[in-house]
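Good morning, colleagues. I would ask you to look at the chain on the screen while I go through its features in turn.

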Amino acid sequence: MNMLLLTGVVGALALGYAAVASGKIGAFKVDHARVNELSGIIQGGAMAFLYREYKALVPFVIVVGALLAWKNKPAERRLFRLRSRMQRPHRLRRNESRHQIQR
């Protein structure tokens with residue numbers, strides 16, 4: 001299976017699971033006022049942390065992405081792909097196992 005396709009399928013499954021789990025957690029009712037108050041405080045702190053983290057992370061990702069796009073020329077990409085293909089181990093035939101080849 002194509003690795004890119006596999007990555008997309010696994011990512012979609014993870015997002016689906018996150019949506020289902022979030023729905024179950026959101027549907028859970030808490031009747032105790034103090035627990036609701038504490039959960040609100042915790043949620044506020046978590047959102048403040050994420051805001052500050054992304055505020056620092058987004059410019060870094062943009063700069064690194066721009067540098068990689070600028071430095072990665074099409075000829076270098078082709079050469080990298082060629083080198084990676086040459087370094088791959090030979091693919092196994094259908095009837096051979098790894099144990100037979102290593103002997």
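I begin with the charged contacts: the count of salt bridges comes to 1. Please keep in mind throughout that this is a predicted model.

Which residues form this salt bridge? Glu37 pairs with Arg34, and their closest N and O atoms are 3.3 Å apart. The two positions, Glu37 and Arg34, are 3 residues apart in helix 2, so about one helical turn separates them. How accessible are the partners? Glu37 has a relative accessibility of 42% and therefore counts as partly exposed. Arg34 is likewise partly exposed, at 46%.

Let me now turn to the overall architecture. The chain contains 4 helices and 0 strands, and along the sequence its pattern reads α-α-α-α. Helix 1 covers residues 3-27, which is 25 residues. From its first C-alpha to its last, helix 1 reaches 36 Å, close to the 36 Å expected at 1.5 Å a residue. At the start of helix 1, a side-chain oxygen of Asn2 comes to within 3.3 Å of the backbone nitrogen of Leu4.

I continue with the surface. Of the 103 residues in the chain, 0% are buried. Where is nonpolar surface gathered into a patch? One patch of about 1100 Å² is made by a set of residues that includes Met47, Phe49, Leu50, Tyr54 and Leu57. Met47 itself lies in helix 2, which spans residues 33-71.

Finally, a word on confidence. The mean pLDDT of the chain is 83, and 83% of its residues reach 70 or more. Where pLDDT is low, the predicted coordinates should not be read in detail.

Thank you for your attention.

Methods
Residues are numbered from 1 along each chain as its sequence is written. This is a predicted model: local features need pLDDT of at least 70, side-chain atom pairs count only at pLDDT 80 or more; totals for chains, interfaces and linings use all residues. Side-chain values use heavy atoms; hydrogens and water are left out. The expected span of a helix is 1.5 Å times one less than its number of residues. A polar contact is a pair of N or O atoms within 3.5 Å; within protein, one must be able to donate a hydrogen and the other to accept it, and residues adjacent in sequence count only if both atoms are side-chain atoms. Patches are made of residues with over 30% relative accessible area and no salt bridge: like charges are joined within 9 Å, nonpolar side chains (Val, Leu, Ile, Met, Phe, Trp, Tyr) within 5 Å. Accessible areas come from the Shrake-Rupley method with a 1.4 Å probe; for residues, only the protein chains shown count as cover. A salt bridge is a side-chain nitrogen of Lys or Arg within 4 Å of a carboxyl oxygen of Asp or Glu. Buried means under 20% relative accessible area, exposed over 50%, partly exposed in between (1.4 Å probe, protein chains only). pLDDT is the predictor's confidence in each residue, from 0 to 100.
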